[in-house]
Amino acid sequence: MFSFKKKKQKTTVLLSPVTGKCISLEEVPDEVFSTKMMGDGIAFDLEEGTIFAPADGKITFIAETKHAIGMTLVSGLEILIHVGLDTVKLDGKGFNVFVEIGQEMKAGAELLEVDIPLMVAHHLQLITPLIVMSSNAVTPIALEQKVTGGKTAVLTL
């Protein structure tokens, strides 16, 4: 009649938000990310300009300068995609955001476009961290590999 078995917690898999090479967060040349002050995660050396939703969820944050997008996933986990390092200095130039706060997204949907030549012209690094802000059970599954945005699984939570 009663079941005392523990419910198995669901695993959440995150897809790569970008196309590029997957690197560990510790390799990011920015202390805020490499020391995991904001949370654990993974990073990417961005090669193409489209940023994708890594999982199903809702847009909960878009930086005024358009360089970062936050989502709350259907699992309740909160994530942040931070495009490039020091890209906040461009004050929104070079970013074309396709979404708005409160919008429901499916994994693989396009979130924003980045003008890579503009970033390169301003000597900005295109390393893009994906931070899981509400969990510390993060397992990278694609380190040191080339990944495809919106398609390659990169983290399990």
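What share of the 157 residues of the protein count as buried? The answer is 48%, where buried means under 20% relative accessible area with a 1.4 Å probe, protein chains only.

Before you click around: this is a predicted model, where local features need pLDDT of at least 70, side-chain atom pairs count only at pLDDT 80 or more, and totals for chains, interfaces and linings use all residues. Residues are numbered from 1 along each chain as its sequence is written, and side-chain values use heavy atoms, with hydrogens and water left out.

Start with the cartoon view. You'll find two helices and 14 strands, which are DSSP runs (helices H or I, at least four residues; strands E, at least two) numbered from the N terminus.

Next, select L14, L111 and L130. These have the most contacts inside the largest nonpolar core, a group of 35 residues. Such a core is a set of buried Ala, Val, Leu, Ile, Met, Phe, Trp, Tyr and Cys residues joined through side-chain atoms within 4.5 Å. Colour β3 (40-46), β10 (110-114) and α2 (116-121), which are among the elements that each supply at least two residues of this core. A second, separate core has 11 residues, including I23, A63, A68 and I131.

Zoom in on L111. Leaving aside neighbours within four places in sequence, its contacts (heavy atoms within 4.5 Å) include F52, I69, V97 and M105.

Last stop: P54, in the loop between β4 (50-52) and β5 (57-62). P54 counts as buried because its relative accessibility is 0%. Not counting residues up to four places away in sequence, P54 touches L14 and L130, among others.

Terms used:
Buried means under 20% relative accessible area, exposed over 50%, partly exposed in between (1.4 Å probe, protein chains only).
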